[in-house]
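Visitor: I am new to this structure. Please show me how to read it.

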Amino acid sequence: MFEYEIATARREDLIREADAYRLVREAKKAGRLFSRSQEPEGSVSGHRGRFTRAA
């Protein structure tokens, strides 16, 4: 009976740890998405000077 209680407690600990890990990953992902949407739009740098014209 004692081994069963230890195994059950360990399983509950692993589930809590996985939930915390998942929550952190979701928060980081949401933070990245939020920061991208808040970035101001900048000008695109041209690369015309790097290449010669074909024609």
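Guide: Start with a pair. Asp-13 and Arg-16 sit three residues apart in helix α1, about one turn of the helix. Keep in mind that this is a predicted model.

Visitor: What does Asp-13 form with Arg-16?

Guide: First, the general idea. Side chains of opposite charge can pair when their charged atoms come close. Now the case here. Asp-13 and Arg-16 form a salt bridge, and their closest N and O atoms are 2.5 Å apart.

Visitor: Is Asp-13 buried or exposed, or partly exposed?

Guide: Buried means under 20% relative accessible area, and exposed means over 50%. Asp-13 has 36%, so Asp-13 is partly exposed.

Visitor: How many salt bridges are there?

Guide: The count is two. Arg-22 and Asp-19 also form one, with the closest N and O atoms 2.8 Å apart.

Visitor: Where do Arg-22 and Asp-19 lie in helix α1?

Guide: They are three residues apart, so about one helical turn separates them. Arg-22 is partly exposed, because its relative accessibility is 43%. Asp-19 has 39%, so Asp-19 counts as partly exposed too.

Visitor: Which residues gather in a patch of positive charge?

Guide: A patch joins like charges on residues that have no salt bridge. Here, Arg-25, Lys-28, Lys-29 and Arg-32 form the patch on the surface.

Visitor: Where is Arg-25 placed?

Guide: Arg-25 is in helix α1, which covers residues 2–38. Its relative accessibility is 53%, so Arg-25 counts as exposed.

Visitor: What share of the chain do buried residues make up?

Guide: The chain has 55 residues, and buried ones make up 0%.

Visitor: What does the accessible surface come to?

Guide: About 6,000 Å² for the chain. Carbon and sulfur atoms account for 56% of that surface.

Key:
Residues are numbered from 1 along each chain as its sequence is written. This is a predicted model: local features need pLDDT of at least 70, side-chain atom pairs count only at pLDDT 80 or more; totals for chains, interfaces and linings use all residues. Side-chain values use heavy atoms; hydrogens and water are left out. Patches are made of residues with over 30% relative accessible area and no salt bridge: like charges are joined within 9 Å, nonpolar side chains (Val, Leu, Ile, Met, Phe, Trp, Tyr) within 5 Å. Accessible areas come from the Shrake-Rupley method with a 1.4 Å probe; for residues, only the protein chains shown count as cover. A salt bridge is a side-chain nitrogen of Lys or Arg within 4 Å of a carboxyl oxygen of Asp or Glu. Lys and Arg count as positive and Asp and Glu as negative; His and the chain ends are not counted. The place of a charge is taken as NZ of Lys, CZ of Arg, CG of Asp or CD of Glu. Helices (H or I, at least four residues) and strands (E, at least two) are DSSP runs, numbered from the N terminus. Buried means under 20% relative accessible area, exposed over 50%, partly exposed in between (1.4 Å probe, protein chains only).
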